[in-house]
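My entries follow in the order I made them.

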Amino acid sequence: MLASSLRGASRLLARPSAALAGRALSSGAPNVTLRYFDSRGRAQGIRYALKDAEVEFKDERVSLQHIISGNWFNLKADPNISGPFGVLPVLHWDSYCIGQTEAIAGYLYHKLGHGEGLSLEESATSAALVSCAHQDVIVMCLQVLNVVGTAPDLKDEQIGQAVQSCTVRMNGILPRLEKLVGGKDFFLKDAPVMGDYCIYDALDQAKLILGDSVLDPHPGLKAFMDRMANRPNIAKYVASGERPLFLTGAPQEAQILQKIQNVPKL
C-alpha cells in the first residue's frame, strides 16, 4: 500500500497544482495583484502558491528607494495601495482587497481549492503551519539579520551568540515539523496546500541564515524541501530570476549574510 501511495504521489509531483485550483478558477481568469516590498519577507509563500497554481498575477513591489526617500509614508496613506490596515502584503482579487499575510493565506487556501478533501481539523493544521512559518521561523531569521545589520561593529562572538540563539530556538521547532510531515510527501495530502508553501519558504530562509546543515537531523523535512523545490512551476519560477533576491530588501543584506556565514559556530 505504501509503494502504491508513493507511486501516486510521484505522478502528482510531475503535474502542477493548477489541477487543484481548476474548479475554483473555472469562472474565468481573475484580475489578481499581490503587493509587497521588493523582498521575500512575509509574502514569498503566497507567491509560491500562486505560481504553482498557474494563477496569472501582478507581483507589484514597493522598492527600497520609496522607503529610503520617505515616499512609502505617502503610499501607506493610500488604502488602494496599503489595503485596509495600512500594511503590506496586500492582495487584490478582482474587486476584493485583503491585507495581512495570514489572512491572505487563508483566503487563497479556499480560492485555490487547497481544502478539497480535507477536514476542518486538517484545514486548521494548514493555518497553524502558516502561522508557524511567519510568526516563529521567519521572525527569528529576520531578527538575526536585524541584530547584525543595525550594529555593524558587532564582534564575531556577538554575531555567533545571535546565530546560536536562533539555532537553539529552531531546534525546538524542527523536530515538531519533522513529526508532522512524517514520511509523507507533503504535510496534509498528496499535493501541497498553503501551509506547505509557507513552511517551504520559511525553512529556505532559515537555511540562508543558519546553513543547509540545520535540516540534516530531519530527513523528512529535507525530502519535503527537495520535493517542493522540484515542483515544475516552482523550479521554473526560481530559475527565471523573478523571485526576489533578498529576504529583507536591505541593500547591505548580502554583506550581513556573509558576516553570519563566516562566523564560527559556537
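Entry 1: I looked up Tyr237 first. Its relative accessibility is 3%, so Tyr237 counts as buried (buried is under 20% relative accessible area, exposed over 50%, partly exposed in between, with a 1.4 Å probe and protein chains only). The model is predicted: local features need pLDDT of at least 70, side-chain atom pairs count only at pLDDT 80 or more, and totals for chains, interfaces and linings use all residues. Residues are numbered from 1 along each chain as its sequence is written, and side-chain values use heavy atoms, with hydrogens and water left out.

Next I checked Tyr48. At 0% relative accessibility, Tyr48 counts as buried. I then listed the aromatic pairs and got 7. The rule pairs rings of Phe, Tyr and Trp (its six-membered ring) if their centres lie within 6.5 Å; planes under 30 degrees apart are stacked, over 60 edge-to-face, the rest tilted. The ring centres of Tyr48 and Tyr237 lie 6.0 Å apart and the planes are at 85 degrees, so this pair is edge-to-face. Tyr48 sits in helix α3 (residues 44-52) and Tyr237 in helix α12 (residues 232-240), so I noted a link between distant parts of the chain, 189 residues apart. Helices are DSSP runs of H or I with at least four residues, strands are runs of E with at least two, and both are numbered from the N terminus.

**Entry 2: Asp204.** What does Asp204 touch, beyond residues up to four places away in sequence? I found Arg40, Tyr48, Met225 and Arg243. Contact means heavy atoms within 4.5 Å. Asp204 lies in helix α10 (residues 194-210). At 15% relative accessibility, Asp204 counts as buried.

**Entry 3: the cores.** I looked up the nonpolar cores (buried Ala, Val, Leu, Ile, Met, Phe, Trp, Tyr and Cys joined through side-chain atoms within 4.5 Å). The largest has 65 residues, and Leu108 and Leu177 have the most contacts inside it. Helix α8 (residues 120-150) gives the most to this core, 11 residues. Leaving out residues up to four places away in sequence, Leu177 touches Leu129, Cys132, Phe187, Ile199, Leu203 and Leu221. A second, separate core has 8 residues, including Tyr36 and Trp72. Tyr36 and Trp72 also form one aromatic cluster with Phe37.

**Entry 4: α9 with α11.** I followed Leu177 into its helix contact. Leu174, Leu177, Glu178 and Val181 in α9 meet Pro219, Gly220, Leu221 and Phe224 in α11. These contact residues divide into 6 nonpolar, 1 polar and 1 charged (Ala, Val, Leu, Ile, Met, Phe, Trp, Tyr, Cys and Pro are nonpolar, Asp, Glu, Lys and Arg charged, the others, Gly among them, polar). The axes of α9 (residues 156-181) and α11 (residues 219-229) come within 8 Å and cross at roughly 70 degrees. That makes α9 roughly perpendicular to α11. Axes are lines fitted to C-alpha atoms, for helices over the stretch in contact, with angles from 0 to 180 degrees between N-to-C directions. Under 35 degrees is roughly parallel, over 145 roughly antiparallel, 65 to 115 roughly perpendicular, the rest oblique.

**Entry 5: α8 with α13.** The axes of α8 and helix α13 (residues 253-262) come within 10 Å and cross at roughly 100 degrees. The two helices are therefore roughly perpendicular. Among the contact residues are Val144 and Leu145 of α8 and Ile256 and Leu257 of α13.

**Entry 6: totals.** I counted 13 helices and 4 strands. Of the 266 residues, 47% count as buried.
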